[in-house]
Amino acid sequence: MWRLFAWRLGLEFWNFLAFLLQYPPFKRLRRFDRPVGYFAFGANLDPKVLARRGMRVLGEKELLLRDHVLLFNQAGPFEGFGFASVEAAPGRMVYGKVLTIGRVDAIRMDFYEVLPFIRRHRRVWVEQDGARVFFYQATHPKAGQIPSREYLDKILYSAERSRIILPALLEELRATPTLEVLIPRRSPHFLIDDYGTGPDWLVAWRKRYDMQGVRLFRFLYGLTFFTRWIRPELPP
């Protein structure tokens, strides 16, 4: 459980730094907050999600990432539900947006994507057309998962207004099956990847420990502290 508290403390440290950078005495430090390119392809395409996280978006540009494919293989909180991830796939494309954010916000994004300490994702850097960007990839992909209707709609809202998306790619997104009923997972594999073998009581204990970790994570994730005071700057 220590990883959950370490994750939360790290998130608040970087949230506090982002909070300070809004005010004149600290704005001069922004010259060290160099911009980086983040490729958003899932829920982060929704400006409301970025605003809740207090992300300063300095600029955005649509991108069709070549030789990659969009999959919903990051197991989520419901049975059969998967968050979006991107995997290498020659000849395929992924629609998204390159968001220019500061390095502090990029580190904050790591924490919001549950990368430090818990390692639900990994950062992947790619170069295309002279630009270097990063995105998040599931560390423990699970086949056979699909998004909820609400989650897919966040992607479609941006894709259907795109000026660059290919018709075939848009139709593929529209044809993505979605969950009709959301049932909480009984085996989330959140802190423990493999419950393993052994006596039934030991397997059951690992599952209970994992579920307690999920409940604690949801509680810690719901706390706001400095995030509520960070004023995001989103493009029009």
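Author: Let us begin with a side chain: a polar atom of the side chain of Gln128 lies 3.0 Å from the backbone oxygen of Leu64, where a polar contact is a pair of N or O atoms within 3.5 Å, and within protein one must be able to donate a hydrogen and the other to accept it, while residues adjacent in sequence count only if both atoms are side-chain atoms. This is a predicted model, in which local features need pLDDT of at least 70 and side-chain atom pairs count only at pLDDT 80 or more, whereas totals for chains, interfaces and linings use all residues. Residues are numbered from 1 along each chain as its sequence is written, and side-chain values use heavy atoms, with hydrogens and water left out.

Reader: Okay, and where is the place of Gln128? Is Gln128 buried or exposed?

Author: Gln128 belongs to strand 4, residues 121-128; helices (H or I, at least four residues) and strands (E, at least two) are DSSP runs, numbered from the N terminus. Gln128 is buried, with a relative accessible area of 11%, where buried means under 20% relative accessible area, exposed over 50%, and partly exposed in between, using a 1.4 Å probe and protein chains only.

Reader: Which residues does Gln128 touch, not counting those up to four places away in sequence?

Author: With that exclusion, Gln128 touches Leu63, Leu64, Leu65 and Arg66, contact meaning heavy atoms within 4.5 Å.

Reader: Now the strands: how many bridges join strand 2 to strand 3?

Author: Strand 2 (residues 59-75) and strand 3 run antiparallel and are joined by 14 bridges; two strands pair if DSSP finds at least two bridges between them. Leu70 has Val86 in strand 3 as its bridge partner, and in the hairpin of these two strands, with 6 residues between them, Gly80 takes a positive phi near 80°.

Reader: What about strand 1 and strand 3, in which sense do they pair?

Author: Strand 1 (residues 35-40) pairs with strand 3 (residues 82-102) in the antiparallel sense over 6 bridges, and Phe39 stands opposite Val98 in strand 3.

Reader: Switching to helices, how many residues of helix 4 are buried?

Author: Helix 4, residues 103-112, is mostly covered, as 9 of its 10 residues are buried, among them Val104, Ile107 and Phe111. Just after helix 4, Val114 takes a positive phi of about 55°.

Reader: And Leu50, which helix is that in?

Author: Leu50 sits in helix 3, residues 47-52, and is buried at a relative accessible area of 5%.
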